[in-house]
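Work through the exercises below with the model open. Try each task before reading its solution.

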Amino acid sequence: MNVSAHHSSHLGFDYIELWVGNAKQAASFYKTRLGFSLFAYRGLETGSRTWTSYALRQGEVTLVVSSALPPGNETFNAHLARHGDAVRDIALAVTECESVYERAMAAGAVSVHPPQKHVDAHGHIVLATIKTVGDTIHTFVERSGDGTTFLPDFVTTDDPDSLTDRLPSVGGRLLDHIGLNIPEGDLEPLVEWYERVLGFHRFFSIDDSIVHTEFSGLRSIVMADPSERTKIPLIEPASGFRKGQVEEFLEYHKGAGAQHFAILTDDILASSQALRERGVETLKVPSGYYTRLRELLQVGDIKLQEDVEVLAEYDIMVDFDENGYLLQKFTKPMSDRPTAFFEFLQRRTFNGFGANNFRAIFEAIEQEQERRGNLQ
Ligand SMILES: [Fe+2]
């Protein structure tokens, strides 16, 4: 594990930015369906001539949805045509933007833009950006000051939305991890890239001997920064199977990119009820899962605080070891293309990633893939 001092400046995720075809409508979706609130905005009204962005927050999770304003923005247009509505930027909060950027560059990173300092009456923000997989980028965000300014050009706004005010709180607290799907063969080089360029280390891994169904398999290695506040599972399909969920993502996203955002909640039952009331489509857990869970609970040492009946009612899955357990639930994809989706999870003294649920998750996703005619 490389926990050298120079890499200890990582502070966790800062924000996730999606490039979308219609930021206004996407923002409305993430507010009313997923429970985010608008806190900052840039657009023509605020003097931003090239971008419209809505910055949304739920607990400490920050999501930005952006659309380019001028019709001729080639980078944006190509991204939208290739990937559909998709994650562009996984921004990482750092204490020293310049040194994190310089070390990444010295280790072979590809620059998108070098450090730029923005100063206003509330403090300063330093931003620098490098490429990661596919068309996805990492912006390093260094903040100082009173925290009023989100990013340059953004104006802080409250959220006068009569609809969201009447909906139950989803209760997301922070971004636990964000998963990246990559083509087969890219896993090891990418693990090495995160170690060398960002000083991350291997946190957890899952191989295809535990994660496969009749149709599909995968290998996954979770990368974490030294503080373990930023966790990025890297996921590649395993060959020798029929087209699985990772291949389906790679086909519709046209290559590597962010597959799922995992949001931590302190009460997954309340979160699930809120998602239901908000009409969010979630993944149906295959029949038989809860029968098997009851059997496992009978032989294991673990006692759940939740009633299995209730977990089944909300399609919540459970994974556990001798120390504790994890409750998780998945949404269907956020867009027409079967690409990015959300995970909601609650940890009860359990640091794993639901490895024993992978097979069930696969089967659940494959039921959906079948309906889309993509399980061949
Ligand atoms: Fe996950």
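Donors are N, O and S atoms within 2.8 Å of the metal (3.2 Å for Na, K and Ca); water is not among the atoms, so sites may look incomplete. The model is predicted: local features need pLDDT of at least 70, side-chain atom pairs count only at pLDDT 80 or more, and totals for chains, interfaces and linings use all residues. Residues are numbered from 1 along each chain as its sequence is written, and side-chain values use heavy atoms, with hydrogens and water left out.

**Exercise 1.** Find the protein donors of the iron ion and their spacing in sequence.

Solution.
- Step 1: His177 (NE2), His260 (NE2) and Glu343 (OE) lie 2.0 to 2.2 Å from the iron ion.
- Step 2: The spacing of these donor residues reads H-x82-H-x82-E.
- Step 3: The pair of His177, in strand β10 (residues 172-181), and His260, in strand β14 (residues 257-265), links distant parts of the chain, 83 residues apart. Strands are DSSP runs of E, at least two residues; helices are runs of H or I, at least four.

**Exercise 2.** Is His177 buried or exposed?

Solution.
- Step 1: Buried means under 20% relative accessible area, exposed over 50%, partly exposed in between (1.4 Å probe, protein chains only).
- Step 2: His177 has 2%, so this residue is buried.
- Step 3: His260 is also buried, at 8%.

**Exercise 3.** Locate the largest nonpolar core.

Solution.
- Step 1: Such a core joins buried Ala, Val, Leu, Ile, Met, Phe, Trp, Tyr and Cys residues through side-chain atoms within 4.5 Å.
- Step 2: The largest has 60 residues; Tyr30, Val65, Phe140, Tyr194, Leu234 and Phe342 touch the most other members.
- Step 3: Helix α4 (residues 187-198) gives the largest share, 7 residues.
- Step 4: Domain 1 (3-166) and domain 2 (172-371) both contribute, so the core lies between them. The domain bounds come from an automatic or database assignment.
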